[in-house]
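Visitor: I would like to learn how to read a structure like this one. Please take me through some of its features.

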Amino acid sequence: MYIIVVGAGKVGYYLAKELLEAPEGHEVLIIELDAAKVERVTQELGDIALRGDGCEAATMEKAGYGRADMVIAVTGDDEDNLVVCQVAKAKFSVPRTVARINNPKNESIFKQLGIDTTVSATAAILAQIEQELPIHGLIQLLSLKGGGLEIVEVKVPQRASVVGKRIGELLLPQQSLITLIVDSDGTPRVPSNDTIIRAEDQVVAVTRRESEDALRAALTNSSSPAAPGR
Amino acid sequence: MKVVIMGCGRVGATLATWLDNDGHDVTVIDIRPDAFKRLPPEFKGRRHAGNAIDQDVLARVGLRQADAFVAVTQGDNRNVMATQMAKHLFGVRRTLCRIYDPIREEIYRDLGLETISPTLVGAQLLKDLIDKEPAAAGGETEA
């Protein structure tokens, strides 16, 4: 893939480095306005940096946005990342645009304005904090492109009604699939129908967005009064 | 009419003053509080120091009730982002966006924003003056 990264700060630099080292063998170009940062990229990663304004048409022509498979805007300014992606789409029909956002509240407006993917370090850290808190909620790990499917993680509480049951006998929402279970001691298991759910298991599942609540309820609700014993 | 202006530079401050004189309800937002020095002391509108590409700030100045929003900061991209937020998030009926870069201006005009490029307007005015040079120069010497 030909990937253009706009912004050679810390995020852009390490992103480009990882992309270059990936086994897929991507072609990577970094666009950066600051001469010192361009110099650093050139010295460390080779001749892959173009000095210029990533949202100025002349730079974009030169960078070959027209043949880019993906444009990733990771400058420190949300407004610049937005415009880079919008212009890439509107003028150069780039199939996939990714914008880094600093203010997590910008996520929905970016989506509304046609940015394919937004990445927010702030939101990621918040999610991490939520993950560390013992609230037994459902955590979204990843949205799968198209189809409204998501990969989510649920921690099974001590008193959940599913504890001790086989996966085969669980009543899960339609199109929800348990794909991985990590024990409380960190051992991963690929589940089958006969796998028994234990308390404190981390359950990773694929589900439809609209089934999230039902899935969380199925895996975390305490034993219903009707269910005798455990 | 309730008007929110983002950017209190020369253009923003002048526009705010004119609209205020005409009796409109004007709010000016600028990220640097000292920019408000450009407004005359008798300016009756509101001065709000803050970052206008933050939707919480836009909500705080009552953008939802505004009839018009004008983005005239130095940054094209800030103007573009704020204008789109005003239009799509806050449903402001009339939004105006200054974009210096003529190419970006064309792109966002095609995307449905009401835009103005002072680069093109200024260059056109100057060119018109140069084209009419003989008459204008003659008029000047006579005066």
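Visitor: How many bridges join strand β9 of chain A to β11(A)?

Guide: Keep in mind that this is a predicted model. Strand β9, residues 177-182 of chain A, is joined to β11(A) by five bridges, and the two run antiparallel. Within that pairing, I178(A) has A205(A) as its bridge partner in β11(A).

Visitor: Which strand of chain A is joined to β11 by seven bridges?

Guide: That is β8, residues 149-155 of chain A; β11 covers residues 202-208, and these strands also run antiparallel. Here V152(A) has A205(A) as its bridge partner. A205(A) is therefore a partner of V152(A) and of I178(A), where two strands pair if there are at least two bridges between them.

Visitor: Is S93(A) buried or exposed?

Guide: Count the other C-beta atoms within 10 Å: S93(A) has 10, so it is exposed, the cut-off for that class being 12 or fewer.

E200(A) is not a glycine and has a positive phi of about 70°. This residue is in the loop between β10 (188-189) and β11 of chain A. With 15 other C-beta atoms within 10 Å, E200(A) is partly exposed.

Visitor: How are two packed helices described?

Guide: By two values, the angle between their axes and the distance between the axes. In this model, α4(A) and α3(B) pack at an angle of about 80°, and their axes are 8 Å apart. This angle makes α4(A) roughly perpendicular to α3(B).

Visitor: Which residues make the contact between α4(A) and α3(B)?

Guide: From α4(A) come E79(A), D80(A), L82(A) and V83(A), and from α3(B) come N77(B), R78(B), V80(B) and M81(B). By class, the residues of this contact are four nonpolar, one polar and three charged.

Visitor: How many residues does each chain give to the contact between chains A and B?

Guide: Chain B gives 18 residues and chain A gives 16 residues. On the chain B side, α3 (76-88) and α4 (102-110) each supply at least two residues. The most comes from α3(B), with seven residues. That side of chain B has eight nonpolar, five polar and five charged residues.

Definitions and conventions: Residues numbered from 1 in each chain as written. Chains lettered and ligands numbered in written order. Predicted model: local features only at pLDDT ≥ 70, side-chain atom pairs only at ≥ 80, totals over all residues. Contact = placed C-beta atoms within 7 Å. Helix = DSSP H or I, 4+ residues; strand = E, 2+ residues; numbered from the N terminus. Nonpolar A, V, L, I, M, F, W, Y, C, P; charged D, E, K, R; others polar. Buried ≥ 20, exposed ≤ 12 C-beta atoms within 10 Å, placed from the backbone. Axes fitted to C-alpha atoms, helices over the stretch in contact; angles between N-to-C directions. Parallel < 35°, antiparallel > 145°, perpendicular 65-115°, else oblique.
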